[in-house]
Amino acid sequence: MASVLIFGKDGQVGTELQRSLLPLASLHAVNRSQADLGQLEQIHHTLKQVKPKIIVNAAAYTAVDKAETDSERAFCVNAKAVEVMADYAKNHHALLVHYSTDYVFAGDQSQPYQETDQPNPQNVYGHSKLAGETHIMESGCDHLIFRTSWVYAGHGNNFMRTMMRLAQQREQLTVVDDQFGTPTSAEMLADLTALAIWAHQRSQLESGLYHLTAKDQTSWHGFAQFIVEQMVAQGIPVRVKPEQVLAIPSAQYPTPAKRPAFSYLDSSKIERALAIELPAWPLHAKRAVAQLAQLAHL
C-alpha cells in the first residue's frame, strides 16, 4: 500500500481527503502546526521523515484580499512550498497531487475556461497559485493538478457557512450578482481525487493539469439564495427570507483584490479521462445544508 502525505489536514479538502484516501493508502496527514508551508525547512523535514510515494497538497494561502498586502507569504505558501514538493516528487519518483484555482483566469470571456486557455490572474492570490502550477510542470515530476472553484464544506470557513450564520442573524442580505462560477464541495473533490489517484496508478489517467468542479454555474447571489431556500426547506430557523437575499453589483461591494467576473471551468477533460459525469452543483450543496441542519453546527 502506497504511503500518502497530506498537507493541510485540517482544511476543507484535507479533512475530506483523510476519509476518501483511507482505503487506498497508508496515510500521514499534517496540519500547519506540524508543517507550516511558510517555513520551507519544515516541508523538507516532513518529506524526509515520511518518505511518501504520493504527496497531496491540500494546504494553501487562500485569504484573497489579505494577499494583496501579504504577497511574500502568499507566494511562499502557494509557490515556493509547492516547488519544494515538486522537486522532492521528481527526485524520489513520487506523485504530487495539487489543487489550484479558477482565479488564475481574468474572467473576461463568456465561454467556460479550458485547460488550454491562457491564464491571466487579476490578483496576487491568482498569481501565486499560477506560480505554483508552473513550478510543478517545470519540475518534470509526476503530477495531477486540479483547478477548482468556490470550495465549500460543512466545516471550516467558507461562503456557505457564512451565509447560513448570517441568515439566522439578519433580516436582509446583500450579495453580488455579477460574478459567476461553480460552487464545488470538498467532499466531491476528495472523492474524485481518490478516483484519479487510483486511475493514475493503473495508467488510466495521464499526469497533467485538469479542471475539476461541479457542473453548471451560478452567481454568488444565486448561491446565497439557494442556501437560504434549503435552510427553509430543512426547517432551520432563519430571520431572512429567500426573497430578502438582495442582488447587488460588485461595484457596491469593493474589495482589495479584483475577482474574475466569469470563472466557470470546463471539466470535460477529466470526465472523458475517468469516464464519469460530474454532478450539477446543487446536488452536493443541498446535501451539505442538510448535514449542517442535522448537526445544528453553523
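Colleague: In which helix do arginine 19 and glutamate 16 lie, and how many residues apart?

Modeller: Both belong to helix α1 (residues 12-20), where they are three residues apart, about one turn of the helix. Helices (H or I, at least four residues) and strands (E, at least two) are DSSP runs, numbered from the N terminus. This is a predicted model, in which local features need pLDDT of at least 70 and side-chain atom pairs count only at pLDDT 80 or more, whereas totals for chains, interfaces and linings use all residues. Residues are numbered from 1 along each chain as its sequence is written, and side-chain values use heavy atoms, with hydrogens and water left out.

Colleague: What does arginine 19 form with glutamate 16?

Modeller: Side chains of opposite charge can pair when their charged atoms come close. Here arginine 19 forms a salt bridge with glutamate 16, with 3.0 Å between the closest N and O atoms; the term requires a side-chain nitrogen of Lys or Arg within 4 Å of a carboxyl oxygen of Asp or Glu. Arginine 19 is partly exposed because its relative accessible area is 39%, while glutamate 16, at 15%, is buried. The classes are buried under 20% relative accessible area, exposed over 50% and partly exposed in between (1.4 Å probe, protein chains only).

Colleague: How many salt bridges does a search of the whole structure find?

Modeller: The search finds nine. Aspartate 36 takes part in a salt bridge with arginine 32, whose closest N and O atoms are 4.0 Å apart. Aspartate 36 counts as buried at 13% relative accessibility, and arginine 32 counts as exposed at 58%. Arginine 73 also forms a salt bridge with aspartate 36, at 2.8 Å between the closest N and O atoms. This pair links distant parts of the chain, 37 residues apart: arginine 73 is in helix α3 (residues 71-91), and aspartate 36 is in the loop between β2 (25-30) and α2. Salt bridges that share partners also join Glu16, Arg19 and Asp191 into one network.

Colleague: Which strands form the open sheet, and in what order?

Modeller: Strands of a sheet pair through backbone hydrogen bonds, either parallel or antiparallel. In this model, six strands form an open sheet with parallel pairing, in the order β2-β1-β3-β4-β5-β10. Its edge strands, β2 and β10 (208-211), each pair on one side only. Pairing requires that DSSP find at least two bridges between two strands. Strands β3 (residues 54-57) and β4 (residues 95-101) pair in the parallel sense over four bridges, and valine 56 has valine 97 in β4 as its bridge partner.

Colleague: Which residues of the largest nonpolar core touch the most other members?

Modeller: In soluble globular proteins, nonpolar side chains tend to be buried together. A nonpolar core is a set of buried Ala, Val, Leu, Ile, Met, Phe, Trp, Tyr and Cys residues joined through side-chain atoms within 4.5 Å. The largest one has 57 residues, and Val56, Val97, Phe146 and Met160 touch the most other members. Helix α6 (residues 186-201) supplies the largest share, nine residues. A second, separate core of 32 residues includes Leu47, Ala59, Tyr88 and Cys141.

Colleague: Is threonine 46 buried or exposed?

Modeller: Threonine 46 counts as buried because its relative accessibility is 5%. This residue is placed in helix α2 (residues 40-50). Leaving out residues up to four places away in sequence, threonine 46 touches Leu5, Phe7, Val30, Gln34 and Ala35, where contact means heavy atoms within 4.5 Å.
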